[in-house]
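Subject: Handing over the structure

Hi,

Here is the structure I promised to pass on to you. Have a look at it first, and then read on for what turned up in it.

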Amino acid sequence: MPQALRLHPRDPVAVALGDLRAGEELTDFDIAVKEHVPRGHKVALSAVAAGAPLHKFGQVIGRTTTDIAAGAWVHTHNLEAVHEGEETESAADLPSPSTTANDALTFDGYRRPDGRVGTRNYVGILTSVNCSATVARMVAQRAERELLPRFPNVDGVAALTHASGCALPAEGEALPTLRRTLGGYARHPNFAGVLFLGLGCEGNQIDPLLEDQGLSVGDTLQWFNIQDAGGTRASVSRALEHVERLLEIADRSQRETASAEHLVLGLQCGGSDAFSALTANPALGVASDRLVAAGGSVILAETPEIWGAEHLLLSRARSPEVATKLRDRLAWWQDYVAQSGGELDNNPSPGNKEGGLTTILEKSLGAVAKGGSSALEDFLLYAEPLATKGLAFMDSPGYDPASATGQIASGSTLVCFTTGRGSVSGFKPAPCLKLATNTEMYERMQDDMDLDCGPVLDGVSVEEMGERVLQLVLETASGKETASEELGFGDAEFVPWQPGAVL
């Protein structure tokens, strides 16, 4: 294995594949290392003047703040983010996603009355407000202990609670965003039935929520308020009766073979490092393209984490209208962050930087790779229902639990989560696959990881690794448990995004 990897001929930097020592000779580049360069970080291959744009992947990732000598360490002390944007044209000439089933890609899922196919078979308890959260958790715990053993075809009873639902402005995005999120979960194909639980006096009243989301009370959707039921103990007893009926309905469901055109894959990355863009993210991009070609759908998200690389998506937008929506939302984010005195380059976390990432532009280039090379068919607001096949982008924060929550509300029936530092999380009712970007972390955190993409650094092709990802996606969609499911993750990671003020 080489000491460092140059990713594009125009790059004046290479990525250190192991710790580089001062004085060490980089034989492939005929230079000596001037100072310690940590694994995953960048080493200069040639001198770069102060104020010059710096390239990685053949793309600008920032501007140098000092003169940099060949062999020097390149990181936050001598590189800053400068976002200048690039003009792009829409991608109307790219192939359209398949509209017919591809018999070669199938999975065994749960076919719902509306024609959608789920990958899991849960009963859900959703809360309208934080004030009903504890009661909802009490109900789920008792239901799984006392009722679930009688219903072997049901994966579980999930109480998904949140910290909002009241004290929200009458105008603005917060209440519509919360209602879209709850509505998306209520109709999610991984839920066979749902009970809404409210307090009674909250701003997010359940009746208007259901009307706003086009949801109707019936055998698989019920609701009531704690105040009307007579308090906590009475509510738990009443809720268990509802849940038992929902479990009876859910238990009748059986897995059946379905085309992969029914899969909706959420693309996530968290705890990213410098290897994310070299291994797991592009491999996931290969799997995404294969799924799109089979008629399936994938949802990319985390708007602040495409800033600086948005031109790679804009150039693939199916129409000018889709491109305009994405541009407008990026402008919205710049204003939104500025209101609190921040800027989008604040996004890379300390862990990202320790792992070798320097600027948001560098991080974004790796994040976009998860979306492969397919045309961008649509832009969605947070938790907006997915209505197209192929690749869509959903607006969300870069905060992983909030972003994944929105993707699932938009219809993702499975999530692939790439991580270099090592993230631990899961997202009921959708299974979450963890793809490790490097073998060292995979071996250290095997209990939490589902696939090691690190062998790409040892010569396994990105295409081959992408096929491994795709096969694991299909196996998981058919019922194979993920590491996070085995560990019991998924209840605490339901985090609806709450933009704006809390009154």
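Leaving aside its neighbours within four places in sequence, which residues is Tyr185 in contact with? Before the reply, two notes on the background. This is a predicted model, in which local features need pLDDT of at least 70 and side-chain atom pairs count only at pLDDT 80 or more, while totals for chains, interfaces and linings use all residues. Residues are numbered from 1 along each chain as its sequence is written, and side-chain values use heavy atoms, with hydrogens and water left out.

**Around Tyr185**

Contact here means heavy atoms within 4.5 Å. With neighbours within four places in sequence set aside, Tyr185 is in contact with Leu126, Leu160, Phe191, Val194, Ala404, Thr405, Ile408, Ala409, Lys428, Pro429 and Phe494. You will find Tyr185 in helix α2 (residues 174-186); helices (H or I, at least four residues) and strands (E, at least two) are DSSP runs, numbered from the N terminus. At 1% relative accessibility, Tyr185 counts as buried, where buried means under 20% relative accessible area, exposed over 50% and partly exposed in between, with a 1.4 Å probe and protein chains only.

Pro429 is one of the residues in that list. Tyr185 and Pro429 are 244 residues apart in sequence, yet their C-alpha atoms are 8.6 Å apart in space.

**The loop between β21 and β22**

Ser425 is found in this loop too. Ser425 counts as buried because its relative accessibility is 8%. Not counting residues up to four places away in sequence, Ser425 touches Phe417, Cys432, Lys434, Ser484, Phe489 and Glu493.

**Aromatic rings**

The structure holds 10 aromatic pairs. Rings of Phe, Tyr and Trp (its six-membered ring) pair if their centres lie within 6.5 Å; planes under 30 degrees apart count as stacked, over 60 as edge-to-face and the rest as tilted. Trp333 and Trp497 make a stacked pair, 5.4 Å centre to centre and with 10° between the planes. This pair links distant parts of the chain: Trp333 is in helix α8 (residues 320-338) and Trp497 in the segment after α14 (483-487), 164 residues apart. Trp333 is buried at 5% relative accessibility, and Trp497 is buried at 9%.

The rings of Phe417 and Phe427 have their centres 6.4 Å apart and their planes at 15°, so this pair is stacked as well. Phe417 belongs to strand β21 (residues 414-419), and Phe427 to the loop between β21 and β22 (432-436). Phe417 is buried, at 1%, and so is Phe427, at 3%.

Trp332, Trp333, Tyr336, Tyr382 and Trp497 form one aromatic cluster. Arg329 lies over the face of Trp332, at 3.8 Å from the ring centre; a charge sits over a ring if NZ of Lys or CZ of Arg is within 6 Å of the ring centre and within 35 degrees of the ring normal.

**The nonpolar core**

Which residues touch the most other members of the largest nonpolar core? Of its 101 residues, they are Phe196, Leu326, Cys416 and Val469. Such a core is a set of buried Ala, Val, Leu, Ile, Met, Phe, Trp, Tyr and Cys residues joined through side-chain atoms within 4.5 Å. Helix α13 (residues 462-477) gives the most to this core, with seven residues.

**The largest pocket**

The largest pocket has a volume of about 540 Å³. On a 1 Å grid over the protein atoms alone, a pocket is an open set of points with protein on both sides within 12 Å along at least five of seven lines, and lining residues have an atom within 4 Å of a point. Grid points are joined across faces, edges and corners, and a volume is the space filled by probe spheres set on the points. Of the 26 lining residues, Arg112, Pro113, Phe191, Ala192 and Thr220 are the closest to the centre of the pocket. Strand β14 gives the most to this lining, with four residues.

Enjoy exploring!

Best wishes

Terms used: On a 1 Å grid over the protein atoms alone, a cavity is a set of points where a 1.4 Å probe fits but cannot get out, and a pocket is an open set with protein on both sides within 12 Å along at least five of seven lines; lining residues have an atom within 4 Å of a point.
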